[in-house]
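Here's a quick briefing to read alongside the model. Have the sequence and the 3D view open as you go.

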Amino acid sequence: MTASTTKKQERGARIEERGETATPNKSHPSILNPQSSILLNTTAEDHHIARMAAVALGLTVLENAIPSPLPGVKPGLANIVTLIVLARYGLRAAAWVSLLRVVAGSLLFGSFLAPGFFLSLSGAVLSLLVLAFAQHLPPRWFGPVSHSIYAAFAHIAGQMLVVYLWLIPHAGIAYLIPVFAAAALVFGTVNGLIAARFMDTGTETLSTKNTNVTK
Amino acid sequence: MSSHEFISAATLPHLKPGDWLTLLLGSICVVLLALRLWSGDLADKAVIRSGGKIFREVPLSHDQQIEVPGPLGVSVISIQNRKVRIASDPSPRQYCVRQGWLQQAGEIALCLPNQVSVELAGSRKKYDSLNY
C-alpha cells in the first residue's frame with residue numbers, strides 16, 4: 001500500500017520537475033502539466049517518511065510470518081524504524097511513520113478497524129506519547145535502548161488498556177501482564193540495540209547497512 | 001570470535017549508564033508485577049453478602065448449593081472442588097454468572113441488581129484498590 005503510494009509520489013515529483021524545465025508537449029497536455037491533474041504536492045520529507053514507513057511495513061509483514069508462542073507477544077521490529085526516524089528527523093516524522101505503518105499494515109492484513117487494528121493503534125499512540133517525553137532525556141546518559149524500552153512498555157500498556165476497557169473487561173487478564181511486560185523488556189532492549197547499531201554511523205544509508213548486517 | 005564476545009561487542013558500546021538504569025527499572029517492574037499479580041493464594045472460605053450485609057461465611061471444604069434471597073429473587077451460589085460460582089441469578093445482564101468459577105483469594109463476583117456478592121477470602125487479608 002505505502003510502497004505504491006511512494007512510487008506514485010516519486011513519479012509525481014519527477015513529472016513536476018520535468019514540467020518546470022521541459023516545454024509542454026502539445027499532444028499530451030494533461031500529462032505534462034501536473035498542476036491541472038489530481039496530484040499531491042509532495043516534499044522530499046514526505047518521500048522520506050513514505051520510504052521509512054514502507055521499510056517499517058516490510059518489517060511488520062516479516063514478523064507476522066514468525067510464529068509466536070503467545071498471541072500478542074511480537075518482537076515489534078517496525079519500532080526499530082520509528083526509533084531511528086525519531087533520532088534523526090524528530091517526533092513528527094516518527095509519528096507519521098508509526099501511524100502510517102499501523103494503518104497500511106492493517107490494510108495489508110485485512111484488519112482495518114478490526115480489534116487488532118485498534119490494539120496496534122493504541123499501542124503505537126501511547127508509545128509515541130512516551131517517546132515524546134523520553135526523547136528529552138539527556139542524550140549523554142540515555143540512548144535508543146532506553147527510548148525503546150519505555151516505548152515497548154507504553155505499547156503494552158496501551159494494548160492492555162484497550163483489551164481491558166473494551167475487549168475483555170475481566171480482571172483475569174491481569175495474569176498475563178507480567179508475561180507481556182517481560183516480553184516488552186526483552187524485545188524493547190533488543191530493538192533498541194539494533195536501532196543503536198544502525199545509528200552509530202550516521203553517514204551510511206539504511207539500505208547499505210541492512211546488507212552489512214545480513215552478511 | 002565466540003558468540004559471547006560477539007554479543008558483548010554488539011551491545012556494550014550502545015548501552016549508556018542511563019540505559020542500564022532503565023533496564024534495571026524495567027526488570028524491577030517486571031518482577032514486581034509478577035509477584036503482585038501471580039501471588040494469589042488459594043482461598044479457604046467464601047463470604048456471601050446480600051444487601052451489603054454478610055449473609056453467610058461458608059468454608060470451601062465441602063460442596064454445596066446456597067440460595068441467597070435478594071430484591072429481584074434468589075441467587076444460587078454453588079461450591080464445588082474448592083471453587084465457587086454463581087450458578088444462577090435474576091439479574092438482567094448475568095455478569096456475575098458469566099464470570100464463572102472463582103478460585104483465588106480476593107476474587108469476587110458481584111450481582112449488583114440483586115445486591116448479592118460472593119468473595120473468596122484466604123488465610124491472610126489481601127488489599128486491593130477498593131478497600132485500601
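Across all chains, the structure holds three salt bridges (a side-chain nitrogen of Lys or Arg within 4 Å of a carboxyl oxygen of Asp or Glu). This is a predicted model: local features need pLDDT of at least 70 and side-chain atom pairs count only at pLDDT 80 or more, while totals for chains, interfaces and linings use all residues; side-chain values use heavy atoms, with hydrogens and water left out. Residues are numbered from 1 along each chain as its sequence is written, and chains are lettered from A and ligands numbered from 1 in the order in which they are written.

**Salt bridge in chain A**

- Glu45(A) and Arg92(A) pair up through their side chains, 3.3 Å from N to O.
- Glu45(A) sits in helix H3 (residues 44-64) of chain A and Arg92(A) in helix H5 (residues 91-109) of chain A, so this pair ties together parts 47 residues apart in sequence. Helices here are DSSP runs of H or I with at least four residues, strands are runs of E with at least two, and both are numbered from the N terminus.
- Glu45(A) is partly exposed at 39% relative accessible area, and Arg92(A) is exposed at 53%. Buried means under 20%, exposed over 50%, and partly exposed in between (1.4 Å probe, protein chains only).

**Salt bridges in chain B**

- Glu57(B) bridges to Lys45(B), with the closest N and O atoms 2.9 Å apart.
- That pair links distant parts of the chain, twelve residues apart: Glu57(B) is in strand E2 (residues 53-59) of chain B and Lys45(B) in strand E1 (residues 45-50) of chain B.
- Glu57(B) is partly exposed at 43% relative accessibility, and Lys45(B) is partly exposed at 31%.
- Glu119(B) bridges to Arg49(B), the closest N and O atoms being 3.1 Å apart.
- Glu119(B) belongs to strand E7 (residues 116-121) of chain B and Arg49(B) to strand E1 of chain B, so the pair ties together parts 70 residues apart in sequence.
- Glu119(B) counts as buried at 14% relative accessibility, whereas Arg49(B) is partly exposed at 26%.

**An open sheet in chain B**

- Three strands of chain B line up as E3-E4-E5 in an open, antiparallel sheet; strands pair if DSSP finds at least two bridges between them.
- Strands E3 (64-69) and E5 (83-88) of chain B are at the edges with a single partner strand each, so one side of each has no neighbour in the sheet.
- Strand E4 (residues 74-80) of chain B pairs with E5(B) over five bridges.

**Chain A overall**

- Chain A has nine helices and zero strands.
- Of its 215 residues, 40% are buried.
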